[in-house]
Amino acid sequence: TETATVTWIQVALLVYLAGIVFFAFRNVYSLVRLLMLLKSGKKEDIGSYLPGRKERVTLIVHNCDIAPFSWMKFVVISEKDLKENGEEILTHEYAHIRKRHSIDLLIADICIFFQWFNPASWLLKQELQNIHEFEADESVIAQGIDAKKYQLLLIKKAVGTRLYSMANSFNHSSLKKRITMMLKKKSNP
């Protein structure tokens with residue numbers, strides 16, 4: 001009689017495929033939650049809050065307390081945040097949209113999808129998110145918003161939670177690094 005033997009290569013391939021299936025389901029679940037959140041809010045045009053913007057961006061306003069974030073051409077924000085700090089937050093999120101940071105994160109997620117076992121792919125996504133936050137913070141300061149007021153807003157928002165891994169969250173990055181980057185003097189290109 002023949003006995004079936006399982007080689008270590010087959011086990012490794014099975015573990016690899018199981019990881020891909022797990023992260024596929026995780027990403028689909030996150031995307032479905034994100035789309036449901038986009039559908040459930042009140043839709044507005046961002047132009048009424050940030051006049052003179054060229055790109056068409058849809059503002060989704062929610063009654064519930066939700067951390068502000070952007071994804072593709074959408075900015076999601078709570079009514080409370082819109083009333084209290086709307087200009088700063090919307091300028092920050094608009095910078096993410098204008099620089100197409102959601103596409104970068106989507107590509108990073110695809111890399112993680114296939115390289116889930118590789119710590120470098122996770123670190124790459126984390127550093128990419130940090131760079132995105134630095135760029136968005138720089139845009140806010142360049143728009144003439146008071147840096148100290150903006151830094152206090154970041155500290156206030158640092159206690160929020162981040163629910164959607166595919167989106168650019170307002171309070172994502174390491175706060176100390178973000179504030180340090182805002183205070184740095186630019187070197188000559």
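**Briefing**

Phe114 is partly exposed, with a relative accessible area of 41% (buried means under 20%, exposed over 50%, and partly exposed in between, with a 1.4 Å probe and protein chains only). The model is predicted, so local features need pLDDT of at least 70 and side-chain atom pairs pLDDT 80 or more, whereas totals for chains, interfaces and linings use all residues. Residues are numbered from 1 along each chain as its sequence is written, and side-chain values use heavy atoms, without hydrogens and water.

**Aromatic side chains**
- The structure contains 6 aromatic pairs (ring centres of Phe, Tyr and Trp, the latter by its six-membered ring, within 6.5 Å; planes under 30 degrees apart are stacked, over 60 edge-to-face, the rest tilted).
- The ring centres of Phe113 and Phe114 lie 4.8 Å apart with planes at 85°, so this pair is edge-to-face.
- One aromatic cluster is formed by Tyr16, Phe22, Phe23, Trp116, Phe117 and Trp122.

**Overall fold**
- The protein comprises 6 helices and 5 strands (DSSP runs numbered from the N terminus: H or I of at least four residues, and E of at least two).
- From the N terminus on, the order of elements is α-β-β-β-β-α-α-α-α-β-α.
- Of its 189 residues, 40% count as buried.

**Helix pair**
- The axes of α5 (residues 147-157) and α6 (residues 175-183) come within 10 Å and cross at roughly 175° (lines fitted to C-alpha atoms over the stretch in contact; angles run from 0 to 180 degrees between N-to-C directions).
- Helices α5 and α6 are therefore roughly antiparallel (angles over 145 degrees; under 35 is roughly parallel, 65 to 115 roughly perpendicular and the rest oblique).
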